[in-house]
Amino acid sequence: MIKNADNLDNASELAMLEASIQEKFIRQKAAKIEKGLSGECIECGEFNQRLISGICSPCRDFRAKTGHR
Ligand SMILES: [Zn+2]
């Protein structure tokens, strides 16, 4: 029985460790995402809350799809 309890402890410790690693990974990823600025898109001229390099997300998506840089 004691051995089972140890296994459970290990399992929950492992799960907690995994969760904290995942959280760290997500945080690191989020930190890399550019904040973006609000303003007019240089591509379409539409106002957008989150311009990255002066380009709105629909235009960025379009560029990504067409491979246009
Ligand atoms: Zn745009």
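Let's start with what lies inside: of the 69 residues in this chain, 6% count as buried, where buried means 20 or more other C-beta atoms within 10 Å of the residue's own, exposed means 12 or fewer, and partly exposed falls in between, with C-beta atoms placed from the backbone. Keep in mind that this is a predicted model, in which local features need pLDDT of at least 70, side-chain atom pairs count only at pLDDT 80 or more, and totals for chains, interfaces and linings use all residues. Residues are numbered from 1 along each chain as its sequence is written.

Now step back and look at the outline. The C-alpha trace spans about 70 × 25 × 15 Å along its principal axes. The radius of gyration of the chain is 22 Å, while a compact globule of 69 residues would have one near 11 Å (taken over C-alpha atoms; the globule rule is 2.2 Å times the number of residues to the power 0.38).

The chain divides into domain 1 (1-33) and domain 2 (35-69), with bounds from an automatic or database domain assignment. Their centres, taken over C-alpha atoms, are 37 Å apart.

Finally, visit Cys41, in the loop between β1 (37-40) and β2 (47-51). Cys41 counts as partly exposed because it has 17 C-beta neighbours inside 10 Å. Beyond its neighbours within four places in sequence, its contacts include Glu46, Cys56 and Cys59 (contact means C-beta atoms, placed from the backbone, within 7 Å).

How values were computed: Helix = DSSP H or I, 4+ residues; strand = E, 2+ residues; numbered from the N terminus. Contact = placed C-beta atoms within 7 Å.
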